[in-house]
Structure formats: C-alpha cells, structure tokens
Amino acid sequence: MIKLRTAGERGGADHGWLQTRHTFSFAAYYDPQQIGFRSLRVINEDRVFPGRGFGTHHHDNMEIISCVLSGSLEHRDSMGHGEVLHPGELQRISAGAGITHGEFNPSATEPVHFYQIWIRPNVLDSEPAYQQKAFNREEKRGQLRLVASPDGRDGSLSIHQDAMMYLSIADGTVMDHDLRLGRYAWVQVVSGRLIMNEQELHAGDGVAISGENRLLFHGDAGSEFMLFDLA
C-alpha cells in the first residue's frame, strides 16, 4: 500500500522570520490522522531568515536529524557543542535523558533552508550524544546513500532506533530498494520530480509505504529525496 501525503496537505505557518511546513502534527498544527508514521514523529521543512533562529529549548528522548539544503545553520547545546552546518552536512542529536540547544542562522544576508526529522528512540534516558557528518553529492547521485542507522554502518550517523535513513539524487537511472518482510518505508521528496512504483511525486510530497517488497525510483536528473526504512 502506498499512501500519498502531498506538499499542499502539510500543516505549517509563516512567522515572518520562519516559514515552516509540517508533514506531521507539530506545534500549533494538529491533525489526529497525522501524528507520525511508525517511529517517524516529525518531518519539518524550515526556512529561517538571516540573523534569526530558534532560541535555547529543551528536548529529551528523541533522535533529531537536521539536513541543510542551502545557507548555514549554527548549533549550540548544553553538551558544549558549537558547530555550523552547511549544505550536504547532517547533524544527529540523541536527546536521551535531556539536553538544551538552539539553532540560529548566522548569515546577515542569506536564509537557511533545512529539514528537521525526529525519530522516536527505542532506548529511553540514554546519555545525550551529538554527531555531524558531510555526505557529498557524488555519494548520493544515482544511488541510495545510507546516512543514519542503528549501528552507524558504512559511515552513517548512529541512532537509537531500528530505522535506516537514505539520501539520494536522481540521475535519470532506475534505483531500487528491497523492503524486508514486516518493514515499512516513508519517502520524502526534497526537490524536483520523482516516480516511485509508478506514483509521481513532487517537492514536498511524502508517501507512507506498507505491504510492499520492492521500491523503484526514477527521477528527473538532480531531483533529491529521502527514504526511511522502518520497523
């Protein structure tokens, strides 16, 4: 079964300094039919104006992955990290027993456009942890690049959940991904146009996938998407 969640169906808000779209219920946007999918809890697409950002706030027991598409994003947290993310870089925070952190657009002229993903952990109150890693475009072109996994294999980020996150940039060839029996998937299109198992998708669209054993992807050259393989 493939269930489409179009870009236009997403919630969100325009706060002036922040333009945000929520695939699942978040903040003031609430839809009881869109609380998440399997362990996926949040997929937010955010655009933050220059010199603005999210003030220091608290999280616990959540795996948080940020992926910068354009601009830069400055991060500071109670673990002592002070880093800047650039396009192609991913950040993973395991909030565990609790952290405070804030994100800020350090540019005076350029907005930052990024995705933030929350995944529910399968271990509660773990020691908070932080990772940051760059994945270049050639690693993702025409293939599914594993960027997050339970065991950090193939140079991916490590998360506390039986979930795999892949990034890909279409190059006109057909890509495939096998889903083991009992596994689920979510596909989120970041840019361009993608055909997945004959379903046409566009930027901002997402699909929930169950009961399928093989996924086929064919997109316009340069189109980008995320794949989550979920328990």
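## Strand β15 and its partners

Strands β15 and β22 run antiparallel to each other and are joined over 7 bridges. Within that pairing, L167 faces M226 of β22. Keep in mind as you look around that this is a predicted model. On another pairing, β15 meets β13, again in the antiparallel sense, this time over 3 bridges. Here L146 has Y166 of β15 as its bridge partner.

β15 is a well-covered strand: 7 of its 7 residues are buried, so the rest of the structure largely encloses it.

## The antiparallel sheet

An open sheet with antiparallel pairing is also there to explore, made of 7 strands in the order β2-β3-β4-β11-β6-β9-β12. Its edge strands are β2 (11–14) and β12 (129–134), each pairing on one side only. On average, neighbouring strands in this sheet are turned by 15 degrees against each other, with direction ignored.

Take β3 (residues 18–22) and β4 (residues 40–48) as an example: they are antiparallel partners over 5 bridges. In that pair, R21 stands across from E45 of β4, and E45 will come up again among the salt bridges.

## Two nonpolar cores

Which residues have the most contacts inside the largest nonpolar core? They are L40, L90, I117, M165, W186, M226 and F228, in a core of 24 residues. Two or more residues each come from β4, β6 (63–70), β11 (112–119), β13 (145–149), β15 (163–169), β17 (184–191) and β22 (224–230).

Leaving out residues up to four places away in sequence, M165 touches I65, L90, I117, R145, L146, V147, A148, M226, L227 and F228. Apart from this core lies another, of 19 residues, including L179, V189, M196 and L201.

## Salt bridges

Side chains of opposite charge can pair when their charged atoms come close. In this model the count comes to 14 salt bridges. One of them joins R10 to E45, with their closest N and O atoms 2.9 Å apart. R10 belongs to the loop between β1 and β2 while E45 belongs to strand β4, so the pair ties together parts 35 residues apart in sequence. R10 is buried at 10% relative accessibility, and E45 is buried at 6%.

Another salt bridge links E200 and R193, whose closest N and O atoms are 3.7 Å apart. Both partners are partly exposed, E200 at 38% and R193 at 27%. As for shared partners, salt bridges join R10, E45 and R47 into one network. E74 and R76 make a further salt bridge, with closest N and O atoms 3.0 Å apart, and R76 is exposed at 55% relative accessibility.

S223 lies in the loop between β21 (214–219) and β22. Is S223 buried or exposed? With a relative accessibility of 3%, S223 is buried. Beyond its neighbours within four places in sequence, S223 is in contact with S168, I169, A170, S191, G192 and R193.

H58, in strand β5 (residues 53–59), is partly exposed, at 48% relative accessible area. The H58 side chain reaches the backbone oxygen of I99 at 3.2 Å, and a polar contact of 3.5 Å joins the side chains of H58 and D60. Setting aside neighbours within four places in sequence, H58 contacts G98, I99 and T100. H58 and G98 are 40 residues apart along the chain, with 7.0 Å between their C-alpha atoms.

Note on methods. Residues numbered from 1 in each chain as written. Predicted model: local features only at pLDDT ≥ 70, side-chain atom pairs only at ≥ 80, totals over all residues. Heavy atoms only, no water. Pairing = 2+ DSSP bridges. Helix = DSSP H or I, 4+ residues; strand = E, 2+ residues; numbered from the N terminus. Axes fitted to C-alpha atoms, helices over the stretch in contact; angles between N-to-C directions. Core = buried A, V, L, I, M, F, W, Y, C linked by side-chain atoms within 4.5 Å. Buried < 20%, exposed > 50% of the residue type's maximum accessible area, 1.4 Å probe, protein only. Contact = heavy atoms within 4.5 Å. Polar contact = N/O pair within 3.5 Å; in protein donor to acceptor, adjacent residues only side chain to side chain. Salt bridge = Lys/Arg side-chain N within 4 Å of Asp/Glu carboxyl O.
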